[in-house]
Amino acid sequence: MKKLYLIFTIIFLLSTAGCASAEKTPFLSTEIPKNLAETDDYAYVEDIPNTDVPYEIVYEQDFKHENNIIVDNIDNVITRRNAYTNKPVYSYRIDSVKIEIKEYTIDIFVDGEELYDAHGSDSNRRLVLKAVLTDNEGYIISSDEMLSDNIHKKGDILKDEKFDRIFQNINFNEKYHLNITSPDSKYDPPAADNAPDPNRNYCIHIGYQINETIVPPVDINNLPQWFYEYREKSPVLTDDMKLYWIKDTPVDLNNIKPEISGPDETSDKNKDFIMADNHYGYDYYYDIPADQIIDDRIPANQRPDIIRLSYAPHGSRILDINDRYSLNLAFLYRNNNETYYFILFSYVPGNTLTAAEWEEYNNNDS
């Protein structure tokens with residue numbers, strides 16, 4: 001058995017159900033990873049030449065160190081790639097830039113157009129760019145990915161779209177060089193001779209929350225044997241929305257109405273603390289009666305009331321899932337219809353584990 005990798009997670013995974021619903025459920029291939037399918041509605045153009053982008057620098061009023069920011073380069077096309085495949089996820093063109101320099105921040109305002117989205121022309125998302133500040137000797141002072149204020153989809157025209165971030169360790173008495181580029185792909189896979197099984201999902205996070213006013217039905221400091229056995233069992237969600245995990249008989253999710261968390265900010269779903277993920281796309285939530293999933297290994301006094309499944313077909317910021325498909329199974333223990341305690345198992349495909357995650361997984365003691 002392995003020692004728990006315990007971290008606190010975000011309560012919106014496990015909030016009370018009952019608001020937004022899906023008109024259709026997305027197709028999921030049984031091939032892992034499931035989040036990498038791309039649409040053909042727009043041909044991605046790799047060879048758009050970089051051209052000089054006109055820019056203007058505006059300094060805060062009474063700023064004492066004007067002209068201490070030198071722009072070296074602005075990429076004409078910004079492309080964000082999937083960290084695990086290096087394939088383009090989306091791209092947008094930059095036609096012009098206004099840069100506002102303040103005491104602690106650099107705000108970047110972009111004019112341009114979103115050119116491509118691998119998930120389709122109706123996929124809404126916030127855009128990202130990378131801003132790198134170096135000193136006169138070429139040392140990196142700050143390298144930050146900056147997210148757009150607004151949500152966009154393919155074909156949207158960008159007008160004064162704001163990207164902002166607080167830059168640390170800046171002394172404006174010095175001169176700095178600014179580069180605006182595409183973000184990096186940062187996947188660091190395990191060594192091939194010790195790689196995880198690509199055909200299973202691995203539990204890389206255990207989350208939990210305790211309400212101090214009650215005695216938890218499962219003691220996180222002395223976890224029962226069934227907990228470890230459940231953790232090692234790989235869940236599978238098939239094309240036709242059948243969930244296999246503990247029992248041989250699957251749960252048919254077609255019979256359960258899901259909630260959606262995603263870029264549609266017009267929804268009132270946030271009243272239930274299911275917060276939108278505007279960077280990676282939609283997450284889907286299903287509340288499943290516990291007896292449809294668990295087996296007799298769990299004693300009656302430790303049985304959850306509900307098991308909440310959430311999955312993110314294209315990635316999620318939750319628990320640093322990022323560009324990969326994920327399945328999250330939360331055991332909810334309720335009192336008077338309120339959630340007082342939960343334990344969360346979070347799974348990702350074996351062929352998307354990073355070297356650090358795989359080492360952590362294998363180094364956990366029994």
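**Entry 1: Glutamate 232 and its partner**

I started with glutamate 232, which comes out partly exposed at a relative accessible area of 25%. This is a predicted model, so I kept in mind that side-chain atom pairs count only at pLDDT 80 or more. Glutamate 232 makes a salt bridge with arginine 231, and their closest N and O atoms sit 2.8 Å apart. Arginine 231 itself is buried, with a relative accessible area of 2%.

Next I looked up arginine 125. Its salt bridge goes to aspartate 117, with 2.6 Å between the closest N and O atoms. Is arginine 125 buried or exposed? It counts as buried because its relative accessibility is 1%, under the 20% cut-off. For aspartate 117 I found a relative accessible area of 0%, so this residue is buried as well.

**Entry 2: A pair further out**

Then I turned to aspartate 296, which bridges to arginine 303; here the closest N and O atoms are 3.4 Å apart. Aspartate 296 is exposed because its relative accessible area is 73%, over the 50% cut-off. Arginine 303 is partly exposed at 30%.

How many salt bridges does a search of the whole structure find? I noted 18. I also jotted down a network of salt bridges that links Arg93, Asp95 and Glu113. A reminder to myself: side chains of opposite charge can pair when their charged atoms come close.

**Entry 3: The chain as a whole**

I stepped back to the overall build. The protein chain holds two helices and 19 strands. Of its 366 residues, 49% count as buried. I looked at contacts between residues at least 6 apart in sequence, and 69% of them join residues at least 24 apart. The chain exposes about 17900 Å², with carbon and sulfur atoms supplying 44% of that area.

Last, I checked confidence. The protein chain averages a pLDDT of 80, and 77% of the residues score at least 70. Where is confidence lowest, and where is it highest? The lowest is strand β1 (residues 6-7), at a mean of 40, and the highest is strand β14 (residues 251-252), at 96. Over residues 1-37 the pLDDT is below 50, and I noted 133 contacts in the model for this stretch beyond near neighbours in sequence. Residues 265-273 also have a pLDDT below 50, with 22 contacts beyond near neighbours in sequence.

Note on methods: Residues are numbered from 1 along each chain as its sequence is written. Side-chain values use heavy atoms; hydrogens and water are left out. pLDDT is the predictor's confidence in each residue, from 0 to 100. Helices (H or I, at least four residues) and strands (E, at least two) are DSSP runs, numbered from the N terminus. Contact means heavy atoms within 4.5 Å. A salt bridge is a side-chain nitrogen of Lys or Arg within 4 Å of a carboxyl oxygen of Asp or Glu. Buried means under 20% relative accessible area, exposed over 50%, partly exposed in between (1.4 Å probe, protein chains only). Accessible areas come from the Shrake-Rupley method with a 1.4 Å probe; for residues, only the protein chains shown count as cover.
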